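Here is a short note to read beside the model. Please keep the structure open and find each residue as it comes up.

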Amino acid sequence: MSGGERRLLGRWGEALAAEELRRRGYRVVAAGWQCRFGEIDLIAEDRKYITFTEVKLRKDDRIAQAREFVDRRKQERIRTSAQLYLAEHPTALQPRFDVMEIYAPQGMATQRPKIIFLENAFE
């Protein structure tokens, strides 16, 4: 898979995750937010939380669950990026770190991707 195809597939997964967040009552305020520390896939709000959501798209979980790819190093980059976002966009909402697993065996041709939303996946 080429880099362009991988990016397109990643954006497709993020769009699915954003739709799932909206379905759950969240308002997506940023997608693909970048800073010098890294990227946050989705930033969303509800009445209580501002959530920083890492989206992991995989064909299946035979090797490992998608959430396992959000290792300590990745978590630290997300936390640091979130601190910068919050410094630039102050809010009274409580921050939370979520992971959205998406399993799509046929890639973008998958009719019904399996979506698992893990709230408060790490601190």
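1. Start with Glu45 and Arg27. These two form a salt bridge, with the closest N and O atoms 2.7 Å apart. The pair links distant parts of the chain: Glu45 sits in strand β2 (residues 38–45) and Arg27 in strand β1 (residues 27–35), 18 residues apart. Is Glu45 buried or exposed? Glu45 has a relative accessible area of 19%. The cut-off for buried is under 20%, so Glu45 counts as buried. Bear in mind that this is a predicted model.

2. Shared partners come next. Over the whole structure, the search finds 10 salt bridges.

3. Now turn to helix α1. Arg23 and Glu20 meet through their side chains in a salt bridge, 2.7 Å from N to O. Both residues lie in helix α1, three residues apart, which is about one turn of the helix. Their surroundings are worth checking. Arg23 counts as exposed, at 59% relative accessibility. Glu20 is buried, with a relative accessible area of 10%.

4. Helix α1 (residues 3–23) also holds Arg22 and Glu19. How far apart are the closest N and O atoms of Arg22 and Glu19? They are 4.0 Å apart, and the pair forms a salt bridge. The cut-off is within 4 Å. Arg22 and Glu19 are three residues apart in the helix, so about one helical turn separates them. Arg22 is partly exposed at 44% relative accessibility. Glu19 is partly exposed too, at 48%.

5. Step back to the fold. The protein chain has two helices and five strands. Along the sequence, the pattern reads α-β-β-β-α-β-β. Among contacts between residues at least 6 apart in sequence, 57% join residues at least 24 apart.

6. Check the overall dimensions. A compact globule of 123 residues would have a radius of gyration near 14 Å. The protein chain has 14 Å, so the two agree. The C-alpha atoms fill a box of roughly 40 × 30 × 25 Å along the principal axes.

7. Finish with surface and charge. Buried residues make up 43% of the 123 residues. The protein chain exposes about 7700 Å², and carbon and sulfur atoms supply 47% of that area. There are 23 positive and 19 negative side chains. The centres of these two sets lie 2 Å apart.

Conventions
Residues are numbered from 1 along each chain as its sequence is written. This is a predicted model: local features need pLDDT of at least 70, side-chain atom pairs count only at pLDDT 80 or more; totals for chains, interfaces and linings use all residues. Side-chain values use heavy atoms; hydrogens and water are left out. Helices (H or I, at least four residues) and strands (E, at least two) are DSSP runs, numbered from the N terminus. Buried means under 20% relative accessible area, exposed over 50%, partly exposed in between (1.4 Å probe, protein chains only). The radius of gyration is taken over C-alpha atoms; the globule rule is 2.2 Å times the number of residues to the power 0.38. Contact means heavy atoms within 4.5 Å. Accessible areas come from the Shrake-Rupley method with a 1.4 Å probe; for residues, only the protein chains shown count as cover. Lys and Arg count as positive and Asp and Glu as negative; His and the chain ends are not counted. The place of a charge is taken as NZ of Lys, CZ of Arg, CG of Asp or CD of Glu.
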